[in-house]
Amino acid sequence: MNSFKPGLEGVVAFQTEIAEPDREGGALRYRGVDIEELVGEVPYEKVWGLLVDENLEPGMPDPEAYEPVSLTGNAPADLQAETARLSAVWGLKKLVDIDAEQARDDLARLSAQMMSIVAKSAAVHDGRQPAPDDVVAQGQTAAEKFLLRWRGEADPKQVQAIDTYWICTAEHGLNASTFTARITASTGADCGAAMSAAVGALSGPLHGGAPARVLPMLNEVASTGDPESYVRDLLSRHGRIMGFGHRVYRAEDPRSRVLKRTAKELGSPRIEVAEALEEAALAALRELKPDYVIATNVEFYSAVVLDVAEVPPDLTPAMFACARVAGWAAHIIEEKRTGRLIRPSAQYIGPTSRALSAV
Ligand code: ACO
């Protein structure tokens with residue numbers, strides 16, 4: 001029997017108690033709680049607690065003092081390298097050699113530190129020194145502290161933009177980066193290895209890198225004032241419209257709904273052009289694929305919300321990684337508790353047996 005499924009679409013690889021998006025896209029729930037109830041009610045670090053500990057308290061801790069060695073200012077690359085390095089610097093033990101409580105504590109330390117690394121890398125990118133700890137300590141929430149560390153100041157609207165974005169993107173079932181984290185965890189590797197592997201998987205434009213490509217699209221449409229032509233030209237070159245389509249959802253992504261509302265509430269100057277492009281894109285995609293629903297995904301309005309916080313496009317994959325530390329940590333613990341070495345098979349379709357001289 002040939003059971004090969006390209007992209008593993010529809011293959012159920014795990015059972016999870018954390019979250020899994022439903023295909024119709026009505027809602028996204030973390031441990032049963034709708035994200036609509038969380039946004040504006042509790043800050044991101046408590047959502048981390050909900051996902052990882054199934055308890056808002058104590059939530060994600062503050063990062064401990066640590067100086068990354070050589071930040072380049074390329075935040076996704078810095079984050080991946082530094083997270084892997086932390087395993088050695090902190091002497092993290094392999095998951096097979098520790099209990100779930102120790103794994104949780106390692107992941108809490110890592111999660112907090114990963115946010116700090118991104119903020120510091122962003123400061124380096126801007127040619128600035130990251131703010132000292134006493135300045136950062138004035139912040140009340142993880143989002144405020146992140147902005148303080150990066151820029152030395154934190155505008156409340158920008159804090160709200162980042163906090164909302166992080167909550168909406170904290171966890172989303174078995175996406176590519178979470179799968180990567182679980183695969184790594186299933187080998188018994190340490191938590192730093194599992195988290196840094198996930199960062200690499202997230203950096204691609206088909207997963208976490210899409211917002212970086214949304215803003216240039218909005219800029220172009222703003223300059224021409226003609227979203228229909230932009231979309232038509234792109235599709236005629238077989239290009240993909242970033243921020244549309246999803247492997248799971250066959251309806252509007254619930255996160256997109258929350259983020260669009262937030263962008264409006266925060267007075268984003270890009271909302272008008274974004275809505276015009278969204279309308280043109282949805283119409284063109286409906287025409288192109290009448291039998292396949294391609295709707296707005298989380299990345300489209302993420303780009304608009306992150307723009308309110310003046311997050312430059314090339315930093316957006318790392319901002320996504322900051323948010324997703326919660327989901328990855330929760331899945332790594334679940335994998336440790338319930339998992340088994342992940343080792344699927346491939347269907348061999350290469351040459352049959354032959355002599356070396358035939359090559
Ligand atoms: N623009 C243009 N065409 C599209 C788009 C799009 N955004 N999305 C899907 N299609 C087309 C594909 O070209 C393909 O056409 P073909 O059959 O003629 O080759 C068809 O629809 C099916 O595409 P798949 O890639 O098989 O569909 P899938 O549902 O698996 O795709 C994906 C999901 C990869 C996200 C896709 O929609 C895409 O590339 N979107 C743009 C990138 C993006 O926004 N990524 C962020 C995703 S959200 C996240 O990761 C958090």
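**Entry 1**

I started at Lys289: an N or O atom in its side chain is 2.6 Å from an oxygen atom of the ligand. I am working from a predicted model, so I note each distance as computed.

I then checked Arg247. A polar atom of the Arg247 side chain lies 2.5 Å from a ligand oxygen. Tyr292 gave 2.5 Å as well, again from a polar side-chain atom to an oxygen atom of the ligand.

I looked up the cover next. On its own the ligand has 910 Å² of accessible area, and the protein covers 76% of that.

**Entry 2: the shell and the pocket**

Which residues come nearest to the ligand? I listed Arg240, Ile241, Arg247, Lys289 and Tyr292, out of 23 residues around the ligand. Three of these names, Arg247, Lys289 and Tyr292, were already in my first entry.

I sorted the shell by class. I found 12 nonpolar residues, 6 polar ones and 5 charged ones.

Where does the ligand sit? I located the ligand in the largest pocket.

**Entry 3: Pro63**

I moved on to Pro63. I placed Pro63 in the loop that runs between α2 (44-53) and α3 (75-89).

Is Pro63 buried, partly exposed or exposed? I read a relative accessibility of 26% for Pro63. Buried needs under 20% and exposed needs over 50%, so Pro63 counts as partly exposed.

Last, I took a distance from Pro63 to Lys5. The two are 58 residues apart along the chain, and I got 41 Å between their C-alpha atoms.

Notes:
Residues numbered from 1 in each chain as written. Predicted model: local features only at pLDDT ≥ 70, side-chain atom pairs only at ≥ 80, totals over all residues. Heavy atoms only, no water. Near = heavy atom within 4 Å. Polar contact = N/O pair within 3.5 Å; in protein donor to acceptor, adjacent residues only side chain to side chain. Areas by Shrake-Rupley, 256 points an atom, 1.4 Å probe, with all protein chains shown as cover. 1 Å grid on protein atoms, 1.4 Å probe; cavity = no way out; pocket = protein on both sides within 12 Å on 5 of 7 lines; lining within 4 Å. Sits in = over half its atoms within 2 Å of the grid points. Nonpolar A, V, L, I, M, F, W, Y, C, P; charged D, E, K, R; others polar. Helix = DSSP H or I, 4+ residues; strand = E, 2+ residues; numbered from the N terminus. Buried < 20%, exposed > 50% of the residue type's maximum accessible area, 1.4 Å probe, protein only.
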